[in-house]
Amino acid sequence: MSADCIFCRIVSGDIPSKKIYEDVDVIAFHDIHPIAKVHFLIVPKLHIESLASCEVQHQSLLGKMLLLAPQLAKEQGLAGFRTMINTGREGGQEVFHIHTHVFGGGDTLPKT
Ligand code: 5GP
Ligand code: ZN
């Protein structure tokens, strides 16, 4: 837990969020500035800065986050979706608590 981390404060309930999933390790909630019809974030409760600071002991947590993506996307009514993990400032990361973006719906996804 980091007191100045927005996602730690969402995990602790200090900052409200539109939560769609929670278990002992992970929460998922809708992004406050969605870039698609459905856009949510899968966030571990453990404060890890980014994918670049993950180590082998985080392997199962990372696997869990990834496997939740199709399950939650389906629950949110998505037939297909995109996942994204921004890493480091130059990788577009703005919140330095690792998270997976999951988004889709409509026909607005740009081709990459
Ligand atoms: P990043 O650029 O770090 O990969 O993505 C951070 C994401 O967190 C952004 O898409 C941003 O809209 C979202 N975000 C930032 N602050 C909040 C917040 O307080 N609540 C929610 N639900 N999303 C947030
Ligand atoms: Zn944090």
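In this predicted model, a polar backbone atom of Val95 lies 2.8 Å from an oxygen atom of ligand 1, a polar contact being a pair of N or O atoms within 3.5 Å. A backbone N or O atom of Gly92 is 2.9 Å from an oxygen atom of the ligand, and a polar side-chain atom of His101 is 2.8 Å from an oxygen atom of ligand 1. Around ligand 1 there are 16 residues, of which Asp31, Glu94, Val95, His99 and His101 come nearest; a residue is near a molecule if one of its heavy atoms lies within 4 Å of it.

Through His101 the description passes to strand β5 (residues 100-104), where strands (E, at least two residues) and helices (H or I, at least four) are DSSP runs numbered from the N terminus. Five of the five residues of β5 are buried, that is, under 20% relative accessible area with a 1.4 Å probe and protein chains only, exposed being over 50% and partly exposed in between. In a regular strand the side chains alternate between the two faces of the sheet. In β5, Thr100, Val102 and Gly104 are buried on one side, and His101 and Phe103 are buried on the other.

Strand β3 (residues 38-44) pairs with β5 in the antiparallel sense over five bridges, pairing requiring at least two bridges found by DSSP, and Phe40 stands opposite Val102. Strand β4 also runs antiparallel to β5, joined to it by three bridges, with Met84 opposite His101.

The zinc ion (ligand 2) is coordinated by Cys5 (SG), Cys8 (SG), His47 (ND1) and His97 (ND1), at 2.0 to 2.3 Å; donors are N, O and S atoms within 2.8 Å of the metal (3.2 Å for Na, K and Ca), and since water is not among the atoms, sites may look incomplete. The angles among the four donor atoms are 104 to 116°, and the site is tetrahedral, which for four donors requires all angles to lie between 85 and 135 degrees. Cys8 lies in helix α1 (residues 6-11) and His97 in the loop between β4 (82-84) and β5, so the pair ties together parts that are 89 residues apart in sequence. Both Cys8 and His97 are buried.

The structure holds zero disulfides, a disulfide being a pair of cysteine sulfur atoms within 2.5 Å. For Cys54, the nearest cysteine sulfur, that of Cys5, is 14 Å away.

Residues are numbered from 1 along each chain as its sequence is written, while chains are lettered from A and ligands numbered from 1 in the order in which they are written. Local features need pLDDT of at least 70 and side-chain atom pairs count only at pLDDT 80 or more, whereas totals for chains, interfaces and linings use all residues, and side-chain values use heavy atoms, with hydrogens and water left out.

Conventions: Four donors count as tetrahedral if all angles lie between 85 and 135 degrees; four count as square planar and six as octahedral if opposite donors are over 155 degrees apart and all others between 65 and 115; anything else is irregular. A polar contact is a pair of N or O atoms within 3.5 Å; within protein, one must be able to donate a hydrogen and the other to accept it, and residues adjacent in sequence count only if both atoms are side-chain atoms.
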